[in-house]
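Biologist: I'm new to this one, could you put it on screen and walk me through it?

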Amino acid sequence: MDIDFSLFDSKPNIDEILLPLPDGSFRSLDVLRLDAIHPTISGNKWYKLKYNLVQAQSERAKQIVSFGGAYSNHLHALAYAGFLFDFKTVGILRGSIQDNPSLQDCLAWGMELIPMSREAYRTKHEPVVLEALKIKHRDSYIIPEGGDNELGRKGCQEILSMEDVRKYDTVACAIGTATTFRGLLQSYSGRLLGFSALKNGTYLEEPIRKVQTGNWKIYHDYHFGGFAKKNEQLLDFMLRFRNQNGIELDFIYNAKMFYGLAQEIFQGRLVDEKNILAIHSGGLQGNRSLNTNF
Ligand SMILES: *Cc1c(COP(=O)(O)O)cnc(C)c1O
């Protein structure tokens with residue numbers, strides 16, 4: 001494992017876009033383009049991996065093991081990092097191994113895929129399961145699903161530059177495990193808005209309440225029926241967004257975040273938030289599950 005960390009140094013651009021509102025009008029909005037930091041590893045997954053890779057390297061781990069679903073952006077990014085920096089990766093897959101473009105990439109980049117039943121997968125982070133994995137895959141470094149650990153949060157503290165922190169009174173991002181959100185909270189004292197991609201994501205607020213007092217809010221009403229669920233309304237919104245701005249959104253996280261932001265702005269509920277920066281967290285490879293021309 002020989003990691004060229006200069007690849008992590010590229011500063012993401014900020015683009016001024018026009019956010020489609022429900023009445024057909026638009027509102028200008030600044031967007032931090034994490035989707036454009038690297039041609040293959042896009043978005044927040046890069047930040048969550050960074051210090052985990054540093055740690056794995058310092059432990060002289062022979063391989064990195066992690067977890068994810070059939071279109072996991074996290075496994076996809078990890079597999080590519082393994083290919084790029086020449087280390088072995090193992091992906092524990094929820095359910096069976098599917099023949100899809102995302103997992104084909106993972107295999108092509110040398111990741112070993114191991115299917116795990118959905119029941120067993122639910123216990124994946126329990127100490128006995130992790131111990132068994134460590135015995136089976138000797139000298140491995142294990143990253144939790146979605147890069148959701150202290151080092152993942154540490155990497156996400158680097159998403160906003162000092163200049164961004166000074167300039168924007170509000171930052172908005174999508175939420176899955178809330179690793180990114182919690183990392184941002186540690187580096188930003190303005191108002192932080194999170195849009196959960198999960199149906200029952202309120203449990204995510206507990207650990208945040210315990211350690212953070214900051215100025216934050218998580219919206220739980222913009223999941224469109226649950227994780228990775230979608231409808232025509234969401235797909236229409238993605239099209240309007242792309243036609244207007246030439247920027248694609250992934251339907252699992254960013255489309256729901258921008259949609260929610262548009263609703264909140266349109267309903268007049270974000271009037272004190274004068275200067276908003278929305279984070280495009282990437283994840284476009286997952287759109288290949290749509291089987292359309294997105
Ligand atoms: C994983 C992911 C998220 C969610 O990040 P968390 O740190 O898990 O909350 C948001 N957007 C994209 C594109 C992702 O892949």
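Modeller: Let's begin with a hairpin formed by strands S1 and S2, with 5 residues between them, where Gly-24 in the turn has a positive phi of about 95°. Strands, like helices, are DSSP runs numbered from the N terminus (E, at least two residues, for strands; H or I, at least four, for helices). This is a predicted model, in which local features need pLDDT of at least 70 and side-chain atom pairs pLDDT 80 or more, while totals for chains, interfaces and linings use all residues. Residues are numbered from 1 along each chain as its sequence is written, and side-chain values use heavy atoms, leaving out hydrogens and water.

Biologist: Which way do S1 and S2 run, and how many bridges join them?

Modeller: They run antiparallel, and 7 bridges join S1 (residues 14-20) to S2 (residues 26-33); strands pair if DSSP finds at least two bridges between them. Ile-17 stands opposite Leu-29 in S2.

Biologist: Switching to the ligand, which residues come nearest?

Modeller: Of the 15 residues around the ligand, those are Lys-45, Lys-48, Thr-177, Thr-180 and Ser-281, where near means a heavy atom within 4 Å.

Biologist: And which helices supply that shell?

Modeller: Helix H1 (44-58) and helix H8 (179-187) each supply at least two residues, and H1 gives the most, with 3.

Biologist: How far is the polar side-chain atom of Thr-180 from a ligand oxygen atom?

Modeller: That distance is 2.6 Å, and a polar side-chain atom of Asn-73 lies 2.7 Å from an oxygen atom of the ligand. The protein buries 98% of the 390 Å² that the ligand exposes when taken alone, with accessible areas from the Shrake-Rupley method and a 1.4 Å probe.

Methods:
Polar contact = N/O pair within 3.5 Å; in protein donor to acceptor, adjacent residues only side chain to side chain.
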